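Thanks for coming. Today I will go through how two parts of one protein meet. Please look at the model first.

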Amino acid sequence: MKKHNFSAGPSILPEEVLEKSAKAVLNFDDGLSLIEISHRSKAFIDVMENARSLAIELLGLEGKGYKAIFLQGGANTQFLAVALNLLEKRAGYLNTGTWSDKAIKEARMYQEVVEVASSKEANFNYIPKGYKIPSDLDYFHCTSNNTIFGTQMKEFPSLDIPLVCDMSSDIFSRSLDFSKFDLIYAGAQKNMGPAGTTLVVVKEDILGKVTRQIPSMMDYKVHIGKDSMFNTPPVFAVYTSMLTLEWLKGLGGIEAIEKENFKKSRLMYSEIDLNPLFKGFAATADRSTMNATFSLTDDKLKDTFDGMWKEAGINGLNGHRSVGGYRASMYNALPLGSVEALVEVMSELERKA
Ligand SMILES: *Cc1c(COP(=O)(O)O)cnc(C)c1O
């Protein structure tokens, strides 16, 4: 039986995408497997070009000077690539969780980093607001969705300096004016595809301004100049991401999936709020539509509850060790029916207890 997969990442992908990519592993192009053909073959170049243009199209960034590239090394590698490519003197970072914290640590190896605001003192259960961003920074960096803590930025600053955003866990999940951002990066394995590739969408005119030499593999201009084929790309991850983007476009794009995501998160949070056996972790105004973090009000019910959700075919509900409790990750591919199944288990526990 197919599980209700609430895993935080790697995470659920659409069934039809899994079927198509599994087929392509066996026979992609004229009796050859996707993972045994040359990445320089026409068949694969078409995949890469399609994936790149779908990303730009879905984000509404066509004709606005952006380039999409599919890189390796995860979002963690982007923490340093961003600094190498953009940080000349001083950058500002908003610290909203573990991933922001790591991004700050990497950037600090190169130059000065100003932590503009932080919610660390409250174990990152909210998004800081009302902070001032100095105007003399090379860029401002933020994390749109804090996968571990279940908080999500609802507003983004309008700035005269480049705005850089780690969107690993909510890219393609909600409509935003993406042209506000100068650089967006996202590891594929949360909301776009399998692990192994990271999407970078960058406004070309912010590049080439630092004086340092950038190692080729870290240099966005090198990857753009080679159409995202500077070295052998992760062909399976790029192909499967392309299929997911096609699936999303077929559904009606970001606006359509956003409606579904709202339905799922509304149902999830109303159960957390109305059921006296559960309480939410994140500040209400900052709750993520992608990752809902919550715990039991009475820890003695843990074994009963854990047994019940596992019995109901639910997978991946344990919270991250730095928060504890539970985390329901409701990425694009998770059907509403899976949230209904979880909510049913939660109300069943209330009836029993
Ligand atoms: C998972 C995650 C990362 C780390 O991604 P890797 O691809 O494993 O390096 C970074 N940022 C956010 C917001 C994430 O959710």
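Contact here means heavy atoms within 4.5 Å. This is a predicted model, in which local features need pLDDT of at least 70 and side-chain atom pairs count only at pLDDT 80 or more, while totals for chains, interfaces and linings use all residues. Residues are numbered from 1 along each chain as its sequence is written, and side-chain values use heavy atoms, with hydrogens and water left out.

The protein is divided into domain 1, 15-251, and domain 2, 254-352; these bounds come from an automatic or database domain assignment. Their C-alpha centres lie 27 Å apart. Across the boundary, 28 residues of domain 1 are in contact with 25 residues of domain 2.

How much area do domain 1 and domain 2 bury between them? About 2,200 Å², with 52% of it on carbon and sulfur atoms. Buried area is the accessible area (1.4 Å probe) that two parts lose on being put together, summed over both.

The side chains of K129 and D286 meet in a salt bridge, at 2.9 Å from N to O.

On the side of domain 1 that touches domain 2, β7 (151-152) and α6 (235-251) each supply at least two residues. α6 gives the most, with three residues. Helices (H or I, at least four residues) and strands (E, at least two) are DSSP runs, numbered from the N terminus.

Methods:
Salt bridge = Lys/Arg side-chain N within 4 Å of Asp/Glu carboxyl O.
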